[in-house]
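Keep the 3D view open as you read.

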Amino acid sequence: METDKINIPQHIAIIMDGNGRWATNKGFSRDKGHTEGRESAKEMVRTCAKIGVKNLTLFAFSSENWKRPKLEIELLMGLLHNSLITELKELQKNNIRLKTIGDTSKLPLVVRKFLEKVCDQTKNNDLMTLTLALSYGSRDEIINSVKEIADKVKNNIISVEKIDESLINQHLYTRNLPDVDLMIRTSGEKRISNFLLWQSAYAELYFSDKLWPDFKSEHLLKAIEDYKSRERRFGKTSQQII
Ligand code: IPE
Ligand code: IPE
Ligand code: MG
């Protein structure tokens, strides 16, 4: 399946869900699901870059995922570390910039250091921005931004009247990223799970029953075709859009 570049979403965000169930269904341990899930993530990056998506944001680890068993967390951190090491070259070759959103101070030090290195070394790449949401929670992000803004008001750096959408945007982890156009969640769950609540205010939502390791390019392209067929009215009437 091919897709033309007209009307391609500028920003796709994906809640990559279903690794554990994929593995359990096949009689494997959950680890295997995460390892396989990584392949789907790589495929999404390649495909998005190829078809002209400018921003891809992947939900890789939530602020709530710290509640998982210690061993599973260790495995996920190890996988992340390992992927960063192996993918740095790929990102460079394909002119992709890596960014992160979330409270990365909670990540193991070695992972954080390597993450900083990859972000730094790819910061001038401009074909596509790949953002990994790590230790990310939208409510945390909003709380942080409120604190930063309140602090600036208290210290007379800004006045209360200056607080508007754009100012709040600038204080979120996602500053410099456009709003989400298309949000995809796999595994049949129909919830947002504290992901980009503010940034998805007008996103088109797409839910797939595929478990994440089974979600491949053809499914992404199907989601994009679906997106393209929708009329985004942003509160206006159909006639106003035409
Ligand atoms: C998504 O798959 C990966 C992460 C949340 C890290 P899950 O691990 O949530 O898989 P299920 O939902 O248990 O099947
Ligand atoms: C959301 O998946 C987080 C990621 C995909 C990283 P979860 O599997 O953690 O979400 P819930 O808890 O089922 O909503
Ligand atoms: Mg899940």
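A pocket is found on a 1 Å grid over the protein atoms alone: it is an open set of points where a 1.4 Å probe fits, with protein on both sides within 12 Å along at least five of seven lines, and its lining residues have an atom within 4 Å of a point. Grid points are joined across faces, edges and corners, and a volume is the space filled by probe spheres set on the points. This is a predicted model, where local features need pLDDT of at least 70, side-chain atom pairs count only at pLDDT 80 or more, and totals for chains, interfaces and linings use all residues. Residues are numbered from 1 along each chain as its sequence is written, chains are lettered from A and ligands numbered from 1 in the order in which they are written, and side-chain values use heavy atoms, with hydrogens and water left out.

Take the second largest pocket to begin. Its volume is about 150 Å³. Its lining includes Lys99, Arg112, Glu116 and Tyr173. Strand S3 and helix H4 (109-121) each give two or more residues to that lining. Helices (H or I, at least four residues) and strands (E, at least two) are DSSP runs, numbered from the N terminus.

Now the largest pocket. Its volume is about 1,100 Å³. It has 46 lining residues, and Met16, Ala41, Phe59, Ala60 and Trp212 lie nearest its centre. Among the elements giving two or more residues to this lining are strand S2 (55-62) and strand S4 (128-136). Helix H3 gives the most, with 10 residues. By class, the lining has 24 nonpolar, 10 polar and 12 charged residues. Here Ala, Val, Leu, Ile, Met, Phe, Trp, Tyr, Cys and Pro count as nonpolar, Asp, Glu, Lys and Arg as charged, and the others, Gly among them, as polar.

What sits in the largest pocket? Ligand 1 does (more than half of its atoms lie within 2 Å of the pocket's grid points). Helices H1 (19-25) and H2 (30-51) each give two or more residues to its shell. H1 gives the most, with 3 residues. The residues around ligand 1 (a heavy atom within 4 Å) include Asp17, Asn19, His34 and Asn65. The shell has 3 nonpolar, 5 polar and 4 charged residues.

A polar backbone atom of arginine 21 is 2.7 Å from an oxygen atom of ligand 1. Arginine 30 places a polar side-chain atom 2.9 Å from a ligand 1 oxygen. For a polar side-chain atom of arginine 68, the distance to an oxygen atom of ligand 1 is 2.7 Å. Taken alone, ligand 1 exposes 380 Å², and the protein buries 86% of that (Shrake-Rupley method, 1.4 Å probe).

Technical notes: Polar contact = N/O pair within 3.5 Å; in protein donor to acceptor, adjacent residues only side chain to side chain.
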